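Here is a walk through one structure, from its overall layout to single residues. Keep the 3D view open as you read.

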Amino acid sequence: MPWSNALHSQIVGRGSYLCEPLARFALCYDELSPLAKEAAEGAGLGRGERNPFRSIVVRAVETVYAAERRCG
């Protein structure tokens, strides 16, 4: 929708950029635990995932990472 900016935005003259989980995933992929990386690969996520409809899957990988850190 032209009036909505949910999970995506644009910079005038440069185009769109990633927000929220997709941006975190792209920027912090190297810092994920081996289990979280395995979950990402199992879900078919690529390192540079840009599909906004896959953001819920990225959040699930973040949950795996958070639970692993919390529960050790």
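Start with a term: a pocket is an open set of grid points where a 1.4 Å probe fits, with protein on both sides within 12 Å along at least five of seven lines, and its lining residues have an atom within 4 Å of a point. The model explored here is predicted.

Take the pocket first. The largest pocket holds about 170 Å³ of space. Its lining consists of Arg 24, Phe 25, Cys 28, Tyr 29, Glu 31, Leu 32, Val 58, Glu 62 and Tyr 65. Sorted by class, six of the lining residues are nonpolar and three are charged, while none is polar.

Now step back to the whole chain. The protein chain has three helices and two strands. Read from the N terminus, the order is β-β-α-α-α. The chain has 72 residues, and 22% of them count as buried. What share of the contacts between residues at least 6 apart in sequence joins residues at least 24 apart? The share is 50%.

In soluble globular proteins, nonpolar side chains tend to be buried together. Here the largest nonpolar core has nine residues: Leu 22, Phe 25, Tyr 29, Leu 32, Ala 36, Ala 40, Leu 45, Val 58 and Val 61. At least two of its residues come from each of helix 1, helix 2 (34-42) and helix 3. Leu 32 belongs to this core and also lines the largest pocket. Setting aside residues up to four places away in sequence, Leu 32 touches Phe 25, Lys 37, Val 61 and Tyr 65.

A search of the whole structure turns up one aromatic pair. The ring centres of Phe 25 and Tyr 29 are 5.5 Å apart and the planes meet at 85°, so this pair is edge-to-face. The cut-off for that label is an angle over 60 degrees. Are these two residues buried or exposed? Phe 25 has 4% relative accessibility, so Phe 25 counts as buried. Tyr 29 is buried too, because its relative accessible area is 11%. The limit for buried is under 20%.

Stay with Tyr 29. Tyr 29 sits in the loop between helix 1 and helix 2. Beyond its neighbours within four places in sequence, Tyr 29 contacts Arg 24, Lys 37, Glu 41 and Arg 47. Gly 46 is 17 residues from Tyr 29 along the chain, and their C-alpha atoms are separated by 9.9 Å.

Ala 26 is in helix 1. Its relative accessible area is 32%, so Ala 26 is partly exposed. From Ala 26 to Arg 50 the chain runs 24 residues, and the C-alpha distance is 8.8 Å.

Ala 67 is in helix 3. With a relative accessible area of 38%, Ala 67 is partly exposed. Ala 67 lies 31 residues from Ala 36 in sequence, with 9.9 Å between the C-alpha atoms. Ala 36 is one of the core residues.

Phe 53 is in the loop between helix 2 and helix 3. Why does Phe 53 count as exposed? Its relative accessibility is 74%, and exposed means over 50%. Phe 53 and Leu 22 are 31 residues apart in sequence and 10.0 Å apart in space, C-alpha to C-alpha. Leu 22 is a member of the largest nonpolar core.

Note on methods. Residues numbered from 1 in each chain as written. Predicted model: local features only at pLDDT ≥ 70, side-chain atom pairs only at ≥ 80, totals over all residues. Heavy atoms only, no water. 1 Å grid on protein atoms, 1.4 Å probe; cavity = no way out; pocket = protein on both sides within 12 Å on 5 of 7 lines; lining within 4 Å. Points joined across faces, edges and corners; volume = space filled by probe spheres on them. Nonpolar A, V, L, I, M, F, W, Y, C, P; charged D, E, K, R; others polar. Core = buried A, V, L, I, M, F, W, Y, C linked by side-chain atoms within 4.5 Å. Buried < 20%, exposed > 50% of the residue type's maximum accessible area, 1.4 Å probe, protein only. Helix = DSSP H or I, 4+ residues; strand = E, 2+ residues; numbered from the N terminus. Contact = heavy atoms within 4.5 Å. Phe/Tyr/Trp six-rings, centres within 6.5 Å; stacked < 30°, edge-to-face > 60°.
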